[in-house]
Amino acid sequence: MRRLSRLPGEAWVALSCAALFALLAPAVPGFASAGNLRNLFSSLLPLVAVAVGETLVLVTGGIDLSVTAVIALASVLGARVMTADAGLLAGNPLAVPAAVAVMLATGLAVGTVNGLAVARLRMPPFLATLAVTTFASGFAIWLTRSEGIAGLPAGFRALGAGRLGPFPTALVVVLPLALAAHALLARTVAGRWLFAIGGNARAARVSGVPVERATLLAYVTCGACAAVASVLYTARLETGSPVLGQRLFLDVIAAVVIGGTSLFGGRGSVAGTVLGALFITLLDNGLNLRGLSSFTVLMVKGAVILAAALVDAARERMQGSR
Amino acid sequence: MSALLEVESVSKAFSGIPVLEGVSLSLAAGRVLGLVGENGAGKSTLMNVLGGVVFPDTGEVRLAGDEYRPRGPAEAMARGVAYIHQELNLLPNLSVAENLFLPRLPRRGLLMDRRRLEALARERLLAVGLDVSPWALVGDLGPGARQLVEIARALAADARVVILDEPTTSLTAPEAERLFALVRRLRDEGRGLVYISHALGDVLRLADDVLVLRDGEVVGSGPASGFDEARLITLMVGRSVDTVYPARAEAPPGEPALDVSGLGRGGAFRDVSLTVRRGEVVGLAGLMGAGRTELLRAIFGLDPPDSGEVRVHGRPLRPGPREAIARGVALVTEDRREDGLVLDATIADNLALASLPAHARGGWIDQRALAQALAAQAAAVRLDAPAGLGRPARTLSGGNQQKAVLGKWLLGRPSVVLLDEPTRGIDVGAKQHVYRLVADLAGGGAAVLLASSEIEELLGLADRVLVLRRGSVVDELCRAEFDRERILAAALGVAPAGGRS
């Protein structure tokens, strides 16, 4: 028991994923089939992309509510650029790269606005990103009159379901992203800065940490990660949608919190988030396959997140009392 | 005239270190007792005993003849002892009336009884002679009015003993006069008052009797008419405590490393000029609130100065902690929990925090080199972390937390080191290590500016001492002139006991 309690938090999440899989595999027909696993994997990857970005922000003690709005707005703007019906660059061979660039730029721009509002103007992250969310998703719906944009080029759709050699294209995008984010947090000076800001921003400033710049970096990266997820989701859906990702935020927070990142800031890891995303995807997929209504699935997810948040708060209390 | 409050040979030790040793005093109704002593003389502990915050180890206290052993501030208040603390504990976002009666606001059913609250508040405000609306927000009041609100709050109608701890520190002269009038009125109403202050002149004017504490013992007491400021200071200072300070090499003064000229910031300090040379330790003395912390923070660029200039090794220093660190300046802050450490981060992360760029290439941390440097640094500052550097900094003792802060700064090999109360709240053994580190720093050619409330510490470590009072340098002493009484007198703003004019 003693040795068990010394396992890193990530190992616990990995064990929980294995246990959940072992529980669902016999209980849910078709759960462990190759087709379903591929399906599971393709919903996991974009979620990992968003959740990894959110991890960076939570580590600083902030929160970014705008990731889902970034996904929707980038989806719409990208589709506007490349759609075969009326796209700005319809038929142009550069339409797809240009559209992807526009989508990433959308994420970077929204992230910059969030970052400046929080770091420079000292607005509370919750309020700043909530306002940005409202604006961006309203803008996306206004642009499209609430209708999806179909007719995306095949080259773009391949990003969703296509393969590069033996690997799904999405994996080729998300794996390097996650590895880079992991390296950023664990191995670079900037990563240490983010943890220090989340742990004690005053002490960080005294110690020469560029608090403003590092905080800005976290929000900008988070926006970019959400844009990457938007590319994957849009390609999978084959439509630019102004309501894309609308119900995703709960899953993002669930993945991050189950992964052991503290909502109080100062603690977290990308590996944990990836495993947390796996856990929530397994749960979602398994319960859906089992034929549970989406409301029941929501209730179960809510309970799981509550449990993860309880563990987080308990850990915080234990540290406080030592 | 029977005694209202009698303290008989009360002693108290904290973790084996005696703070009060056989202290006795007697306070009669309708009298003001002035209590004076240096920082750490035991004044606050003695008053905490009376206020029910601290239990005495031995000794007895009697209130109006009955045994008095309060088991908490609430019981002390219920028995009629009102203790008005030095730090105000008011809620600035609530009204005066609410502050006066929290947590027991008058209610009618489930609702607050506003009318009754207002009436009660008016009564209390009248008692302290404060003319503000009961519904004014405390945050909108000046410091003088806030002090009166604090007194009004503690002053239940039946308070027989009223303790005032440094009530005038943040008051202007007219505000202080109003407070004195109130003190006299409370006395004339037949209450007994204990008045604690560093302003010796005020104490002599207000008090009927005086008690002087030094190192936890009563070293003088009697009617105030038998004392003057010089005598009080002589009693307060006394002999030195038995701390050993590391020998400082007789250093030939080096090049100026830190040059501060005409530095000022808001109301905190003004027109401060000083120079610290390589290998020199300059002490900064002064009372709490004299501007020492503010000055160090401004030099480091945390709170940039309004006027003046800081030069490091001859070149101007742009304000900001990053610039300061890049130029070899370190600031060991006074408050290690708020400003010094990331408590939940590991000891290793804390040690590394101020010098990460030096252990990285292109933003990538050189993990192995950093780990080696941290282990070496932990050993150099004698950090005692039995469970390893991977544990949260929170798990360290106070002394080791302070060593971790020092280790963090010394890792960057600073050439100018600003130390703000580096030994506050740490045990004697850890203090010795800190003294050793300061001496070694200077021996290695660093310029050290050391702010401390313990005059003894400055005399033991510094080559020169500057005395700050109300934000200005009022005296400067070189080693040959070191004199506790002169420093204390300068800090208090009174003529030194030696009779200089």
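1. A residue is called buried here if 20 or more other C-beta atoms lie within 10 Å of its own, exposed if 12 or fewer do, and partly exposed in between, with C-beta atoms placed from the backbone. By that criterion Lys43(B), Ser44(B), Thr45(B), Leu46(B), Met47(B), Asn48(B), Val49(B) and Leu50(B) are buried in H1(B). Because eight of the eight residues of helix H1 (residues 43–50) of chain B are buried, this helix is largely enclosed by the rest of the structure. Just after H1(B), Gly52(B) adopts a positive phi of about 80 degrees.

2. This is a predicted model, in which local features need pLDDT of at least 70 and side-chain atom pairs count only at pLDDT 80 or more, while totals for chains, interfaces and linings use all residues. Residues are numbered from 1 along each chain as its sequence is written, and chains are lettered from A and ligands numbered from 1 in the order in which they are written.

3. Helices (H or I, at least four residues) and strands (E, at least two) are DSSP runs, numbered from the N terminus. Strand S9 (residues 161–165) of chain B has five of its five residues buried; Val161(B), Ile163(B) and Asp165(B) cover one side, and Val162(B) and Leu164(B) the other.

4. Strands are said to pair if DSSP finds at least two bridges between them. Strand S6 (residues 81–84) of chain B runs parallel to S9(B) and is joined to it by four bridges, with Val162(B) as the bridge partner of Ala82(B). S9(B) is also joined by five bridges to strand S10 (residues 192–196) of chain B, again in parallel, and there Asp165(B) has Ile196(B) as its bridge partner.

5. S9(B), helix H6 (residues 173–188) of chain B and S10(B) form a right-handed β-α-β unit, right-handed meaning that, with the strands pointing away from the viewer, the path from the first strand over the helix to the second runs clockwise.

6. Chain B is divided into domain 1 (3–237), domain 2 (240–328 + 414–501) and domain 3 (346–413), with bounds that come from an automatic or database domain assignment. The centres of domain 1 of chain B and domain 3 of chain B, taken over C-alpha atoms, are separated by 44 Å.

7. The contact between the chains, counted where C-beta atoms placed from the backbone lie within 7 Å, takes 21 residues from chain A and 28 residues from chain B. On the side of chain A that touches chain B, helix H9 (189–199) and helix H10 (201–206) of chain A each supply at least two residues, and H9(A) gives the largest share, six residues.

Definitions and conventions
Two residues are in contact if their C-beta atoms, placed from the backbone, lie within 7 Å.
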